[in-house]
Structures are given as structure tokens and as C-alpha cells.
Amino acid sequence: MGLEERRDAEPDVYQPAEDSALLAEAVHDRLAGAELVLEVGTGSGFVAGRISEESNARVVASDLNPHAVRQARGGGVETVRADLVGPFRDGAFDAVVFNPPYLPTDPDNEWDDWMERALSGGETGRAVIDPFLETVGRVLAPDGAVYLLVSSLTGVDEVVERAGDEGFSAVAVSDESFPFETLTVLELLR
């Protein structure tokens, strides 16, 4: 489903799709022993809810969108309105999980609404991923891990290189191919 169809179906909050399911499944077995997990950009709260149900970890979710915060809280997810990792303590999280806005978007074809913010990664698809990679290390525990979903449309190699610039090694832990893209979950470690 393209950006326009998703906007029309649910104009205020990103609902779970194939990318959400892939991310939730990919982190399932990797969070054993994690005590505190942050999901950035939780949207409906689907991934945070799955992690909470399937692990012993306390899961905190964040989203910039007030409609998403309300929906996730309504689903029982502990949610904070925040831009990326801004309000969180240094070294607080054993794992950070993020399904970022990654669709490359023509700047002449933008709607400037909540659904666009949930999906659009700017011209390169990395307009949110890059600032996330710059800041996530601050809130990560010393032996913590980041799980980042990336699309082939965004340029997985470019994201891996950028993560390396920020001191992370990256390995693909899961991927799934679709007609127009391949989705990959990267595990980032320091």
C-alpha cells in the first residue's frame, strides 16, 4: 500500500503493516535479558505491545504524534510524547527499537500531516534515520542494542555506513522481500 492509500485509510496514526510485523518478530528472541526497552515512533503501539507481551522487559514507547500516543496508551502501552530519544536518561535502555519513516518523498508532493511524518523519510528516505543514529547511543546501555528497520528504497548500505560513523557495527538479522522493496532489520551494537 502506497503513501497515499495509507494516508486515506488512517489519517492520524500509522497502523501495523508488514514492516511492523517483521520488526516485532525480529526482536522477539533477541531481547532475552533486556530489562528496559524503548520503542521510538510507536505509532499504534503494536510493536511495543508485542515486545511487552512476549518478554519480561518493561517497554516504554515514544512518538511525536499526540494521536499515536493516545492510541498506544489506550492499548496499554506506557507511552511518552517525544521527538526521537530527547527526554530519556543517558544509558537507560538495554535495547532501542525503531521503525522509522523511511519512504523517499518528493518535496513537491508533501501533505504536512501526521501520516506523512510517520512515513516520509525526506528525499533520501533518511531524514529521520540520520538524526536518530546521531542521538540513540546516548540513551543506550553500554552493552545495549538498537534494532532499526530499513527499506531498500532508503539504501541499507548508506544506513550501515552512517551507523558506523556513529560507532555502531551493523548486521542484518531479518529481511523480507516485497514487489517494490526489501525490508531489513539491522541490529546495531557498539
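Me: Which helix holds E161?
Reply: The model is predicted: local features need pLDDT of at least 70, side-chain atom pairs count only at pLDDT 80 or more, and totals for chains, interfaces and linings use all residues. Residues are numbered from 1 along each chain as its sequence is written, and side-chain values use heavy atoms, with hydrogens and water left out. Helices (DSSP runs of H or I, at least four residues) and strands (E, at least two) are numbered from the N terminus. E161 sits within residues 156–165, the span of helix 7.

Me: Is E161 buried or exposed?
Reply: Buried means under 20% relative accessible area, exposed over 50%, and partly exposed in between (1.4 Å probe, protein chains only). E161 has a relative accessible area of 55%, so E161 is exposed.

Me: How many helices and strands does the protein chain have?
Reply: Along the sequence the pattern runs α-α-β-α-β-α-β-β-α-α-β-α-β-β. The totals are seven helices and seven strands.

Me: What share of the protein chain is buried?
Reply: The protein chain has 190 residues. One of the buried residues is G45, in the loop between strand 1 (36–40) and helix 3 (46–54), with a relative accessible area of 5%. The buried share of the chain is 52%.

Me: Which residue forms a salt bridge with R138?
Reply: A salt bridge puts a side-chain nitrogen of Lys or Arg within 4 Å of a carboxyl oxygen of Asp or Glu. The structure has seven salt bridges. In this one, the closest N and O atoms are 2.6 Å apart, and the partner of R138 is D90.

Me: Why does the pair of R138 and D90 tie together parts of the chain?
Reply: R138 is partly exposed at 34%, and D90 is exposed at 56%. R138 lies in helix 6, while D90 lies in the loop between strand 3 (78–81) and strand 4, so the parts tied together are separated in sequence by 48 residues.

Me: Which angle lies between the planes of F88 and F93?
Reply: Rings of Phe, Tyr and Trp (its six-membered ring) pair if their centres lie within 6.5 Å; planes under 30 degrees apart are stacked, over 60 edge-to-face and the rest tilted. The structure has two aromatic pairs. F88 and F93 make an edge-to-face pair, 5.4 Å centre to centre, and the angle is 85 degrees.

Me: How many residues apart are F98 and F132?
Reply: These rings form a tilted pair, 4.6 Å centre to centre with 50 degrees between the planes. F98 belongs to strand 4 (residues 93–98) and F132 to helix 6 (residues 129–139), distant parts of the chain; the gap is 34 residues.

Me: Are F98 and F132 buried or exposed?
Reply: F98 has 2% relative accessibility, so F98 is buried. F132 has 0%, so F132 also counts as buried.

Me: What separates the C-alpha atoms of T105 and G122?
Reply: T105 lies in the loop between strand 4 and helix 5 (114–119). T105 is buried because its relative accessible area is 6%. T105 and G122 are 17 residues apart along the chain, and their C-alpha separation is 5.1 Å.
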